[in-house]
Amino acid sequence: MSEWGDGTRCVRAGLPEPAPGDPFLPGPVFAAPYHLDPFAGQGTSPNGYGRPDNPTRRLLEAAVGELEGGDCRVFATGQAAITGLLLTLLRPGDTVVLPTDGYFPVRAFATDVLEGIGVRVLFAPTVGPYPSFEGVRLVLVETPANPGLDVVDVAALAERAHAAGALLAVDNTTATPLGQRPLDLGADLVVASGTKALTGHSDLLLGYLASRSAELIDAVTTWRTTTGAVPGAFDAWLAHRSLATLDLRLARQSANAAAVVDLLAGRPDVTGLRWPGRPDDPAYAVASAQMRRIPGVLSFDLGDADRVGRFVEAARLVAAATSFGGLHTTADRRAQWGDDTAPGFVRLSCGAEDTADLVADIAAALDAAGPL
């Protein structure tokens, strides 16, 4: 599939070989137990019990793995995937480096759980400065960072981590595998929430890990089987079905973000505008060299919480919601969730609405929200 374009890869990813009378994508297989060989027992079929084994889940893993360029394991949620990664790899006495400007629940998990079991936790901004990696077991970075949208040079960070004997994991949630492939850039693992743009319809929870290391994938698989952090068959089927339109959805979302950024850049009542696709953005140089496309997520500041509320209330095409990457444009005031952001900081996720309609609606809503 590597020679095909993004749209073709998304449409074909993970599909079984065609056979007359079969559907393109088989429907979900709902099963807890499966029939076993009465004499040989387990091992004669890939399916023995529903927690470790499900053909619908395996097709989704094949699809995401093709897009990421590695072997994939899916989890019930993005948080299940990232905490599974951390607890699989880290033991008492190990050191992990986490981003100060990444997903807040990961930092909370690190301080509440990892430190409690004797893991040393260090924090660093996505773009540094970083502490010494000597003696570090794992470096985890989210790029573009959520919600601030800083971007780090993955290849350079991987080289530095590997020189010190550390593993590098990249949270690819915001970019998706069509935006960048961290494994191609030297990362050891990719982790992501498929709840967001990957599936993109705001109707399911999903997470995944991908790697080219059989040893790491085996360890993650054992953890998932033991803890039972698997998605259900219907969610796996919905996710696979949704992957087919990923290229189309991202194209419209990115185009909408570019147009909205042009609007906001010219308004004196909007400050702190960030989007890695904007030439004067601090992340532009690294993002344009490293990423294949820029996501439809941007951020800015409207001054205070009340003005954010007035803006969203006045908008007809912008919903207040805490997720991102879906078909519908959403705005999220991140300070309410514990992020270290200003009260008026907004993460805006552009949906798939017509560009002209969205720009006009945001302009009118900002006018209605009043001055800074």
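The legends below describe close-up views of backbone geometry in a predicted model.

**View 1. The cis peptide bond between G128 and P129.** The peptide bond that joins G128 and P129 is cis, and its omega angle is about 5°. P129 is placed in the loop between β3, which spans 120-124, and β4, which spans 138-142.

**View 2. The cis peptide bond from T143 to P144.** In this view the bond running from T143 to P144 is cis, with an omega angle near -5°. P144 belongs to the loop between β4 and α5, the latter element covering 154-163.

**View 3. Positive phi at T176, a buried residue.** Although T176 is not a glycine, its phi angle is positive, at about 65°. The residue sits in the loop between β5 (167-171) and β6 (189-193). T176 has a relative accessibility of 1% and therefore counts as buried, the cut-off for that class being under 20% relative accessible area.

**View 4. Positive phi at S202, an exposed residue.** S202, which is likewise not a glycine, has a positive phi of about 60°. Its place is in the loop between β6 and β7, with β7 spanning 207-211. Because its relative accessible area is 58%, S202 is classed as exposed, a class that requires over 50%.

Technical notes. Residues are numbered from 1 along each chain as its sequence is written. This is a predicted model: local features need pLDDT of at least 70, side-chain atom pairs count only at pLDDT 80 or more; totals for chains, interfaces and linings use all residues. Side-chain values use heavy atoms; hydrogens and water are left out. Helices (H or I, at least four residues) and strands (E, at least two) are DSSP runs, numbered from the N terminus. Buried means under 20% relative accessible area, exposed over 50%, partly exposed in between (1.4 Å probe, protein chains only).
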